[in-house]
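The following exercises concern one protein chain. Please examine the sequence and the structure before reading each solution.

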Amino acid sequence: MALALSELVKKKYVDLGLSARTKIDAMRELVELLAMNGEVGEPEQFLEEVVARENKSSTLADRGVAFPHARTELVDHIVLAIGRSRDGIPWNENGERAHLIFLIGVP
């Protein structure tokens, strides 16, 4: 089954002004966006799974884009939240910053 990006990107799951100063807080803000809209039933557990996956290997890509994600039973379809930090959030052990974060949950 093909899934169009337009089906995943919804305005209510986008925060262009993240207030977080750490990567865990940034991921928490994005998980909360999904939870407030009924996409994640157990947001703290989902956050723990995303953080555990991120701790295995950083998802920071070129140009300050990060893709934290988890394959989990806590969602019943693919979910996506997007956040932006103008100042950037220190994302890896080298202090490289993420400015655009795509948090993904996959069943």
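**Exercise 1.** How many helices and how many strands are there in the protein chain?

*Solution.* The model under study is predicted. Counting its elements gives three helices and six strands. Read from the N terminus on, these elements follow the order α-β-α-α-β-β-β-β-β. The radius of gyration is 13 Å, close to the 13 Å that the globule rule gives for 107 residues, so the chain is as compact as a globular protein of that length. Along the principal axes, the C-alpha atoms fill a box of roughly 35 × 25 × 25 Å.

**Exercise 2.** State what share of the 107 residues is buried, and describe the contacts in the chain.

*Solution.* Taking buried to mean under 20% relative accessible area, one finds that 40% of the 107 residues qualify. Next, consider contacts between residues at least 6 apart in sequence: 61% of them join residues at least 24 apart. Finally, the accessible surface comes to about 6400 Å², and 51% of this belongs to carbon and sulfur atoms.

**Exercise 3.** Describe helix α2 and determine which elements its buried residues pack against.

*Solution.* Helix α2 covers residues 23-36, which is 14 residues. From its first C-alpha to its last, helix α2 reaches 20 Å, close to the 20 Å expected at 1.5 Å a residue. Its buried residues include Ala26, Met27, Leu30 and Leu33, and also Lys23 and Glu29. The buried residues of α2 pack against β1 (14-15), α3 (43-56), β5 (79-90) and β6 (97-106). Just after α2, Gly38 takes a positive phi of about 75 degrees.

Key
Residues are numbered from 1 along each chain as its sequence is written. This is a predicted model: local features need pLDDT of at least 70, side-chain atom pairs count only at pLDDT 80 or more; totals for chains, interfaces and linings use all residues. Side-chain values use heavy atoms; hydrogens and water are left out. Helices (H or I, at least four residues) and strands (E, at least two) are DSSP runs, numbered from the N terminus. The radius of gyration is taken over C-alpha atoms; the globule rule is 2.2 Å times the number of residues to the power 0.38. Buried means under 20% relative accessible area, exposed over 50%, partly exposed in between (1.4 Å probe, protein chains only). Contact means heavy atoms within 4.5 Å. Accessible areas come from the Shrake-Rupley method with a 1.4 Å probe; for residues, only the protein chains shown count as cover. The expected span of a helix is 1.5 Å times one less than its number of residues.
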